[in-house]
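My entries follow, in the order I looked things up.

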Amino acid sequence: MTDRPNGLTYAQAGVDIDAGAELVERIKPLARATRRPGADGSLGGFGALFDLKAAGYDDALIVSTTDGVGTKLKIAIETGLHDTVGIDLVAMCVNDLLAQGAEPLVFLDYFATGKLDVEAATRVVAGIAEGCRQAGAVLAGGETAEMPGMYAGGDYDLAGFCLGAVNRDGVLPRLERQRVGDVMIGLGSSGPHSNGFSLIRRIVERSGLKWDAEAPFAAGQSLSQALMTPTRIYVRSVLPLAKGGRVKGGAHITGGGLIENPPRMIAEGLKPLFDWAAWPLPAVFEWLQAVGGVSDEELRRTFNCGIGFLLIVSPELTADVLAELLEAGEDAFICGQLTAA
């Protein structure tokens, strides 16, 4: 090959290979900090290996999930609050795995942007590593794509992919064991989590408040800080219950809220009967409903309304399960039961 004096470079086309290499070096220690049995948490290969036997599985089924953060990212981009969207990304994937009774093992991320900001990207990946730490998964790899012309300015998007495992006899939901009168236990959310932000942004626009204004529903926090509270990860509190066979079903309350998600874990011939007065609607949802004029039905099918994860347990196990969840630091409460469809 010969040099061409007027030849274009990749950098002139808008892609900075050196910035990408710098980002990889910065996030290597973040990945190493997520090491766990079965994987070492190192980066640099073309793929990641995981040893199921080292993780304690002999007859496991592999469960996979993928998800993103949605338009919550717009708030992060507009305000510079990049530190927790990575937790959101992990949470959206690992909580889905948990609904199948699976333990999160391996996480990979995809970060796409128009112009790579190494500092901002490092903060995002630090959040991903923190989410993996909370979930007990290894950050085994990922992909950073700089795509000028596809994304404007400092815009970026995230996607996550997670692999988990569950023993063959531990898969949730256990539809054949569900009965009329089984109890639904709600686990408190930390806010809207990562759903409904297209509506949230419209409501904020209607309110006339700026992102740096004090949140009307959270004293001492700006509106952006309060809304960027990361999605809660329920793995450490719920997984022992699932592995112990004390749970008949689990639902991660995401898009579709408390209307569309619970039926996904319930046997045919049964339906959820919520006691809507059993828990107070968190202040953030009261504010969104009041300012946006959102009906109860729309609120319940768009947001989690204070319940980030839902469990089905037998009546005789309810007290013990509640006590264990509370001991693990969850805000857990009875929120309804199963009834005949």
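**Cysteines**

I looked for disulfides, meaning pairs of cysteine sulfur atoms within 2.5 Å, and by this rule the count is 0. C93 is in no disulfide, and its nearest cysteine sulfur, that of C162, is 6.2 Å away. C162 is likewise in no disulfide, the nearest cysteine sulfur being that of C93. Are these two buried or exposed? I took buried as under 20% relative accessible area, exposed as over 50%, and partly exposed as in between, with a 1.4 Å probe and protein chains only. C93 is buried at 0%. C162 counts as buried, also at 0% relative accessibility.

**Ground rules**

This is a predicted model, in which local features need pLDDT of at least 70 and side-chain atom pairs count only at pLDDT 80 or more, while totals for chains, interfaces and linings use all residues. Residues are numbered from 1 along each chain as its sequence is written, and side-chain values use heavy atoms, leaving out hydrogens and water.

**Strands**

Next I turned to the strands. Helices (H or I, at least four residues) and strands (E, at least two) are DSSP runs, numbered from the N terminus. Two strands pair if DSSP finds at least two bridges between them.

I traced an open sheet of 5 strands, in the order 6-8-5-9-7, with antiparallel pairing. Which strands stand at the edges? They are strand 6 (249–252) and strand 7 (270–274). Each has a single partner strand, so one side of each is left without a neighbour in the sheet. From one strand to the next, the twist averages 30 degrees.

Inside this sheet I checked strand 5 (residues 183–188) against strand 9 (residues 332–340). They pair in the antiparallel sense over 5 bridges. I185 stands opposite I334 in strand 9.

I then looked at strand 4 (residues 156–167). Strand 1 (residues 60–68) pairs with strand 4 in the antiparallel sense over 9 bridges. L61 has V166 of strand 4 as its bridge partner. Strand 2 (residues 103–113) also pairs with strand 4, antiparallel and over 10 bridges. There, Y110 stands opposite A159.

**Helix 9**

Helix 9 spans residues 283–292 and holds Q289. I listed the buried residues of helix 9: V284, F285, W287, L288, Q289 and G292. They pack against helix 5 (197–207), helix 6 (223–227) and helix 10 (296–302). Contact here means heavy atoms within 4.5 Å.

How do helix 5 and helix 9 cross, at what angle? The angle is about 65 degrees, and the axes are 9 Å apart. Axes are lines fitted to C-alpha atoms, for helices over the stretch in contact, and angles run from 0 to 180 degrees between N-to-C directions. From helix 5, I200, I203, V204, R206 and S207 meet W287, L288, V291 and G292 of helix 9. After helix 9 comes G293, with a positive phi near 60 degrees.

I stayed with Q289 for a moment. Q289 counts as buried because its relative accessibility is 17%. Its side chain makes a polar contact of 2.7 Å with that of D296. A polar contact is a pair of N or O atoms within 3.5 Å; within protein, one must be able to donate a hydrogen and the other to accept it, and residues adjacent in sequence count only if both atoms are side-chain atoms. Beyond four places in sequence, Q289 touches L281, V294, S295, D296 and L299.

**S237**

S237 sits in helix 7 (residues 235–243) and is buried, at 5%. Its side chain joins that of E330 in a polar contact of 2.7 Å. A polar atom of the S237 side chain also lies 3.2 Å from the backbone oxygen of Y234. Leaving out residues up to four places away, S237 touches L187, L325, A328 and E330.

Most residues other than glycine have a negative phi, and most peptide bonds are trans.

- The peptide bond from L172 to P173 is cis, with omega near 0 degrees. P173 lies in the loop between strand 4 and strand 5.
- H193 is not a glycine, yet its phi is positive, about 60 degrees. H193 is in the loop between strand 5 and helix 5 and counts as buried at 1%.
- C305 has a positive phi near 55 degrees. C305 is in the loop between helix 10 and strand 8 (307–313) and is buried at 3%.
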